[in-house]
Amino acid sequence: MKIGYLGPEASFTHHAVKSVFTDEEYIAFPTIPDCLEALAEEKVDRAVVPLENALEGSVPITIDYLFHDVDLHITAELISPIEQHLMVHPDNQDRWQDVTKIMSHSHALAQCHKYLYYRFRGIELEPSTSTSAAAKYVSEHPEENVAAIGNALAADTYGLKVVEENIHDFHFNHTRFVVLTSEKETTLLPFEQDAEKSTLMITLPSDDRPGALHQVLSAFSWRQLSLSKIESRPLKTGLGNYFFIIDVEKPVDGVLMQGAIEELEALGCTVKILGSYKKHMLQPQK
């Protein structure tokens with residue numbers, strides 16, 4: 001089985017993949033769209049991408065691409081602790097406090113905002129496609145006194161020196177990754193599994209009548225279906241036009257969930273079911 005993931009090697013996504021798919025072929029992709037397109041085109045059998053971070057919220061490109069561009073299904077959720085470290089090329093470890101630039105994924109830079117503001121105010125922050133891409137760049141450019149923010153695996157893989165550990169602003173820093181397939185199926189993983197939940201993408205009726213969102217939420221409320229997340233994203237059809245991504249703490253094939261979906265469709269909503277799946281808690285990187 002081929003598992004596509006947001007790379008390059010030693011990214012947080014790579015760690016999540018290695019934690020659950022131990023005997024498969026891993027294929028790294030430089031961007032989230034590249035990874036999702038590879039799955040849609042059946043170049044890989046599974047794709048693993050980040051969906052949400054506890055500090056910085058959702059990863060918009062993942063949500064938007066799943067809504068607008070590909071027909072894929074979530075079959076498992078991986079929750080991984082995230083520890084961000086500052087790392088430099090060994091040639092520059094004695095002058096790391098004078099770095100001219102700090103590179104990382106935009107979410108990682110945001111997760112370390114306070115640290116960067118107080119320790120490196122005025123230093124250029126350059127977003128990269130992933131934390132490991134930043135580490136790889138630093139390893140390949142020892143002549144530049146630049147630093148990367150990433151995980152311990154990236155430091156080991158690319159031969160970098162960690163000069164400051166755990167620089168993220170808040171202790172509870174976790175990222176939610178999703179395992180995607182092109183078919184509706186359940187990905188069974190060898191861990192303890194929490195209760196099943198479902199993710200829906202809902203578009204409100206086109207007549208834009210008052211109280212439409214209230215009616216959507218009421219369809220879940222009176223059935224006592226617990227929502228663990230609701231978020232709006234632009235439909236890209238004009239200002240004020242949104243779709244909603246909703247996580248419900250029930251499998252989609254239950255009687256109450258089926259009733260809620262039927263009620264939403266009767267109201268004129270469009271409902272896209274991303275899948276029902278289990279949650280898996282991963283161990284921190286060693």
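In this predicted model, Arg119 and Glu164 form a salt bridge in which the closest N and O atoms are 2.9 Å apart. Because Arg119 belongs to helix α5 (residues 113-119) and Glu164 to strand β10 (residues 161-164), the pair ties together parts that are 45 residues apart in sequence. Arg119 is partly exposed, with a relative accessible area of 40%, and Glu164 is also partly exposed, its relative accessible area being 23%.

A further salt bridge is found between Glu77 and Lys197, whose side chains meet at 3.1 Å, N to O. Glu77 lies in strand β5 and Lys197 in strand β12 (residues 197-203), so this contact ties together parts that are 120 residues apart in sequence. Both Glu77 and Lys197 are buried.

Lys136 is partly exposed at 32% relative accessible area, and Glu140 is partly exposed at 44%. Elsewhere, salt bridges that share partners join Glu52, Glu77, Arg176, Lys197, Lys229, Glu231 and Asp247 into one network, and the structure as a whole holds 14 salt bridges.

Charge also gathers on the surface, where Glu42, Asp45, Asp71 and Glu183 make up a patch of negative charge. One of these residues, Asp71, is placed in the loop between α3 (60-68) and β5 (73-81), and it counts as exposed because its relative accessibility is 54%, where exposed means over 50%.

The buried residues of α1 are Phe12, Thr13, His14, His15, Ala16, Val17 and Val20.

Two annotated spans can be traced along the chain. An unreviewed UniProt entry gives the annotation "domain: Prephenate dehydratase" for residues 2-182, a span that is 31% helix and 33% strand and whose end C-alpha atoms lie 13 Å apart. The feature "domain: ACT", likewise from an unreviewed UniProt entry, is placed at residues 201-278; that span is 28% helix and 35% strand, with its end C-alpha atoms 18 Å apart.

Conventions:
Residues are numbered from 1 along each chain as its sequence is written. This is a predicted model: local features need pLDDT of at least 70, side-chain atom pairs count only at pLDDT 80 or more; totals for chains, interfaces and linings use all residues. Side-chain values use heavy atoms; hydrogens and water are left out. Patches are made of residues with over 30% relative accessible area and no salt bridge: like charges are joined within 9 Å, nonpolar side chains (Val, Leu, Ile, Met, Phe, Trp, Tyr) within 5 Å. Accessible areas come from the Shrake-Rupley method with a 1.4 Å probe; for residues, only the protein chains shown count as cover. A salt bridge is a side-chain nitrogen of Lys or Arg within 4 Å of a carboxyl oxygen of Asp or Glu. Lys and Arg count as positive and Asp and Glu as negative; His and the chain ends are not counted. The place of a charge is taken as NZ of Lys, CZ of Arg, CG of Asp or CD of Glu. Helices (H or I, at least four residues) and strands (E, at least two) are DSSP runs, numbered from the N terminus. Buried means under 20% relative accessible area, exposed over 50%, partly exposed in between (1.4 Å probe, protein chains only). UniProt positions are given in the numbering used here, feature names are shortened, and annotations may be inferred rather than shown by experiment.
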